[in-house]
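Biologist: I'd like a close look at one part of this protein. Could you pick a pair of neighbouring elements and walk me through how they sit against each other?

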Amino acid sequence: MVYIIALAGTVSLVSRFGLPFTAVVYQGKKDNLRVNQCHILTIISTGIGAIILLPINQYASLLCIGLSFFVINLQDLIGKKKYKKYFSTYMIKTISIITIPFLLYFFMGIPGIIIGMAIGNLLGSFNFIFSLKKKINGFKEIRSDYKILIHNFSVDASSNLSRSVDKIVIV
C-alpha cells in the first residue's frame with residue numbers, strides 16, 4: 001500500500017512540473033492569463049500522469065489527481081493571499097484524510113484507504129475546481145518561460161520528491 005501512495009505522489013510531482021509554484025509567481029504579478037495557462041497545463045499533465053498510472057493501479061491514478069489538484073489549490077490560495085482560506089482548506093483536507101480512509105477501510109479494505117486519501121485531497125480542491133477558467137488560447141506566453149518552469153520544478157522536486165522516491169526504491 002505504501003508504494004502505491006509513493007507512486008501516486010511521485011507521478012503527481014513529476015506531472016505538475018512546478019506549475020503550481022509558477023502560478024504563484026504570476027499571481028503576484030497579476031498576470032491572470034499565465035496563471036490560467038499554468039492551471040490548465042497542470043490539469044493536462046496530471047491527466048496524462050493519471051492515465052499512465054491507470055494500468056498499474058487505478059487507485060494510484062485517482063490519488064495522483066487528488067494530490068495534484070490539492071497542491072495547485074494551496075498554491076493558488078497563497079498567490080491570492082487568502083491565508084485564512086488556506087488554513088481552513090488545509091484543515092478540511094487533514095480531517096477528511098484521517099476520517100474518510102479510516103471509514104472506507106472497514107468497507108473496502110486497503111483500496112478504501114487510498115480512495116479515502118484521494119477523496120480527502122479532492123475535498124480540499126473544490127476552490128480550485130470551481131474557480132478554473134477553462135478557456136485559453138494556447139500556451140504561447142508560458143512556453144517562453146521554460147527556464148522559470150524548470151527552476152520551479154527543481155524547487156518542488158527537491159522539497160517533495162524525497163518523501164516518496166525512497167519507498168519506490170525499496171519496493
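Predicted model: local features only at pLDDT ≥ 70, side-chain atom pairs only at ≥ 80, totals over all residues.

Modeller: The protein chain has 10 helices and zero strands, so its pattern along the sequence is simply α-α-α-α-α-α-α-α-α-α. Of its 171 residues, 42% are buried. If you take contacts between residues at least 6 apart in sequence, 74% of them join residues at least 24 apart.

Now for the pair: helix α5 covers residues 83–108, and helix α6 covers residues 110–123. Their axes come within 7 Å and cross at roughly 155°. Because angles over 145 degrees count as roughly antiparallel, that makes α5 roughly antiparallel to α6. The crossing of the two is right-handed.

Which residues in α5 and α6 meet? On the α5 side you'll find Ile92, Lys93, Ser96, Ile97, Ile100, Pro101, Leu104, Tyr105 and Met108. They meet a set in α6 that includes Ile110, Pro111, Gly112, Ile113, Ile115, Gly116 and Met117. Further along α6, Ile119, Gly120, Asn121 and Leu123 also take part. Sorted by class, the contact of α5 with α6 has 14 nonpolar, five polar and one charged residues.

Key: Residues numbered from 1 in each chain as written. Heavy atoms only, no water. Axes fitted to C-alpha atoms, helices over the stretch in contact; angles between N-to-C directions. Helix = DSSP H or I, 4+ residues; strand = E, 2+ residues; numbered from the N terminus. Parallel < 35°, antiparallel > 145°, perpendicular 65-115°, else oblique. Left-handed = near helix turned anticlockwise from the far one by under 90°. Contact = heavy atoms within 4.5 Å. Nonpolar A, V, L, I, M, F, W, Y, C, P; charged D, E, K, R; others polar. Buried < 20%, exposed > 50% of the residue type's maximum accessible area, 1.4 Å probe, protein only.
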